[in-house]
Structure formats: structure tokens, C-alpha cells
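Colleague: I've got a new model open and I'd like to learn how to read it. Can you walk me through a few features?

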Amino acid sequence: GFSLAEFYGVSGQWFSVFKDGAFWVGTFVAGTGMLIISAKWYTKEEAKRHMPYILRQILTIVVLGGAMYAGIMINNGTLLYIATAFMMLFIIEKLYEIAPENVLSYGVLTLALGAGLIYGGNWLSDNMDVVQTYIASLRA
């Protein structure tokens, strides 16, 4: 509600007090909710009342990807960072959902994921010109 009110220009002294907190809490609740509905364990009971698994995955990707895109387009770094963090948690959750059920595979998966994240972070920091060009092309 606060984002829509700000978009339509509704403001007031009371509004500015709650704006930042409502943005943070709303973003975290939305991200957490997306992670919950995308989990394969969400529909064990009363499965007829929930969306099919693949539709929940698509919905989560669209919502989190849209939030990341919106963060880039409106130059809102906080929205971009929170949405990206929840997208990474979504990817990590999917890796562990499809992993075999033994301890060794979880260990190997965790090491591979950690190595991939370290490599990706190093690549991003070494190639900031490519990243900035890409982000600029998204805004155009």
C-alpha cells in the first residue's frame, strides 16, 4: 500500500514515519512468502487447494525477477539487493530440493555452490565495466 501511495503522490507527515519500515517489511514478507509457496513441501496436505508445483515456480521467478528488474529500472538499490538475495535463496532451495538424499551429496553440493559464488563474485568485481554496461542497457 505504501508503494502505491507514494507512486500516486499521497504524502503527509505521518506517511514519512512509516515509509521505510513498511518498504523493508513488505519486501521481506513478499520474498519469504515466495520462498514458502515455491517449496515442494508446501502442498503435502490439501493439495487440491493449491496451485500446481510448476506454476508456483514460475510465479516465484516472475515476482522475484520482476522485483529485481524494477529495482534496476527505478534505481532502487535496496529493492534490487533484497530481490536478488531472495532469488539466490530460491536457487539454493531448488538445488537442495532436487539433491539426492545422502549427506555426501549435500556436502559436495554445498562446496560446489560456495565455489561458484566465490568465483562469480570475483568475476563481477573484476569486470565491473561489463556489468555497468549491461545495467545501462537495461535502463535504455
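This is a predicted model: local features need pLDDT of at least 70, side-chain atom pairs count only at pLDDT 80 or more; totals for chains, interfaces and linings use all residues.

Colleague: How far apart are the end C-alpha atoms of α4, and what span should its residues give?

Modeller: Helix α4 covers residues 77-98, 22 residues in total, and at 1.5 Å a residue it should span 32 Å. Its end C-alpha atoms are 32 Å apart, so the two agree.

Colleague: Which residues of α4 are buried?

Modeller: Start with the general idea. An α-helix has 3.6 residues a turn, so residues three or four places apart point the same way. Now the case here: the buried residues of α4 include Leu79, Ile82, Ala83, Phe86, Met87 and Phe90, and also Glu93, Lys94 and Glu97. Their cover includes α2 (13-38) and α3.

Colleague: What about isoleucine 54 in α3: buried or exposed?

Modeller: Isoleucine 54 sits in helix α3, residues 53-73. The cut-off for exposed is over 50%. Isoleucine 54 has 53% relative accessibility, so it counts as exposed. Together with Met51, Leu55, Ile58, Leu59, Val62 and Val63, Ile54 makes a nonpolar surface patch of about 580 Å².

Colleague: And zooming out, how many helices and strands does the protein have?

Modeller: There are 6 helices and 0 strands. Of the 140 residues, 23% are buried. The protein exposes about 9,900 Å², with carbon and sulfur atoms supplying 70% of that.

Terms used: Residues are numbered from 1 along each chain as its sequence is written. Side-chain values use heavy atoms; hydrogens and water are left out. Helices (H or I, at least four residues) and strands (E, at least two) are DSSP runs, numbered from the N terminus. Buried means under 20% relative accessible area, exposed over 50%, partly exposed in between (1.4 Å probe, protein chains only). Accessible areas come from the Shrake-Rupley method with a 1.4 Å probe; for residues, only the protein chains shown count as cover. Patches are made of residues with over 30% relative accessible area and no salt bridge: like charges are joined within 9 Å, nonpolar side chains (Val, Leu, Ile, Met, Phe, Trp, Tyr) within 5 Å. A salt bridge is a side-chain nitrogen of Lys or Arg within 4 Å of a carboxyl oxygen of Asp or Glu. The expected span of a helix is 1.5 Å times one less than its number of residues. Contact means heavy atoms within 4.5 Å.
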